[in-house]
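Please read the following report with the sequence and the model side by side.

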Amino acid sequence: MAIAIAVTVIFGFTLNAARMNWTFLELPLQVHLHAAAFLAWIILYVVQNWLVVWGSITWHRQLGVLGAVIAASMVVLGIAPPSQRFSSTASRRSFRLGSSSC
């Protein structure tokens, strides 16, 4: 189930990014960092489940601390104002909260 969730999330974000009218390099550094933190979170989620299945509860618990750090960074990166403006109107419109274009 963890793998199915990871594939669904990654596939969904990839499809959403593919249909937007911007290029990867137009996005601010904050967006890249948030995406990297979220990907790390998804990978950790799969690894945590795998560790429990194989009975490595000690490793699972130790990696739980890393999960807390990643979760905190995702929140900060998700709500902090971007450090730079998007370079195109379509990019700004795509990431505005409450935007109907998403």
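A residue is called buried when its relative accessible area is under 20%, exposed when that area is over 50%, and partly exposed in between, using a 1.4 Å probe and protein chains only. Leucine 33 is partly exposed, because its relative accessible area is 41%. The structure is a predicted model, in which local features need pLDDT of at least 70 and side-chain atom pairs count only at pLDDT 80 or more, while totals for chains, interfaces and linings use all residues. Residues are numbered from 1 along each chain as its sequence is written, and side-chain values use heavy atoms, with hydrogens and water left out.

**Overall fold**

The chain has 4 helices and 0 strands, and its pattern, read along the sequence, is α-α-α-α; here helices (H or I, at least four residues) and strands (E, at least two) are DSSP runs numbered from the N terminus. Of the 102 residues in the chain, buried residues make up 22%. With contact meaning heavy atoms within 4.5 Å, 74% of the contacts between residues at least 6 apart in sequence join residues at least 24 apart.

**Helix packing**

Two packed helices are described by the angle between their axes and the distance between the axes. The axes are lines fitted to C-alpha atoms, for helices over the stretch in contact, and the angles run from 0 to 180 degrees between N-to-C directions.

| Helix pair | Angle | Axis distance |
|---|---|---|
| H1 (residues 2–19) and H2 (residues 29–53) | about 165° | 9 Å |
| H2 and H3 | about 160° | 9 Å |

The angle between H2 and H3 makes H2 roughly antiparallel to H3, and H1 and H2 are likewise roughly antiparallel to each other; angles under 35 degrees count as roughly parallel, over 145 as roughly antiparallel, 65 to 115 as roughly perpendicular and the rest as oblique. H1 passes H2 in a left-handed crossing, and the crossing of H2 and H3 is left-handed, a term used if the near helix is turned anticlockwise from the far one by less than a right angle (right-handed if clockwise).

The contact of H1 with H2 is made by Ala2, Ile3, Ile5, Ala6, Val9, Ile10 and Phe13 of H1, together with Phe38, Leu39, Ile42, Tyr45, Val46 and Asn49 of H2. These residues divide into 12 nonpolar, 1 polar and no charged, whereas those of the contact of H2 with H3 divide into 17 nonpolar, 8 polar and no charged. In this scheme Ala, Val, Leu, Ile, Met, Phe, Trp, Tyr, Cys and Pro count as nonpolar, Asp, Glu, Lys and Arg as charged, and the others, Gly among them, as polar.

**Core and individual residues**

The largest nonpolar core has 6 residues, namely Ala37, Leu44, Leu51, Leu63, Ile70 and Met74, and the elements that give two or more residues to this core are H2 and helix H3 (57–79). Such a core is a set of buried Ala, Val, Leu, Ile, Met, Phe, Trp, Tyr and Cys residues joined through side-chain atoms within 4.5 Å. Leaving out residues up to four places away in sequence, Leu63 touches Leu44, Val47, Gln48 and Leu51.

Glutamine 48, in helix H2, is buried, with a relative accessible area of 12%, and beyond its neighbours within four places in sequence it is in contact with Trp59, His60, Leu63 and Gly64.

Leucine 33 is also found in helix H2, and its C-alpha atom is separated by 8.5 Å from that of methionine 74, 41 residues apart along the chain. Alanine 71, which lies in helix H3, is partly exposed at a relative accessible area of 26%; alanine 71 and alanine 40 are 31 residues apart in sequence and 9.7 Å apart in space, C-alpha to C-alpha.
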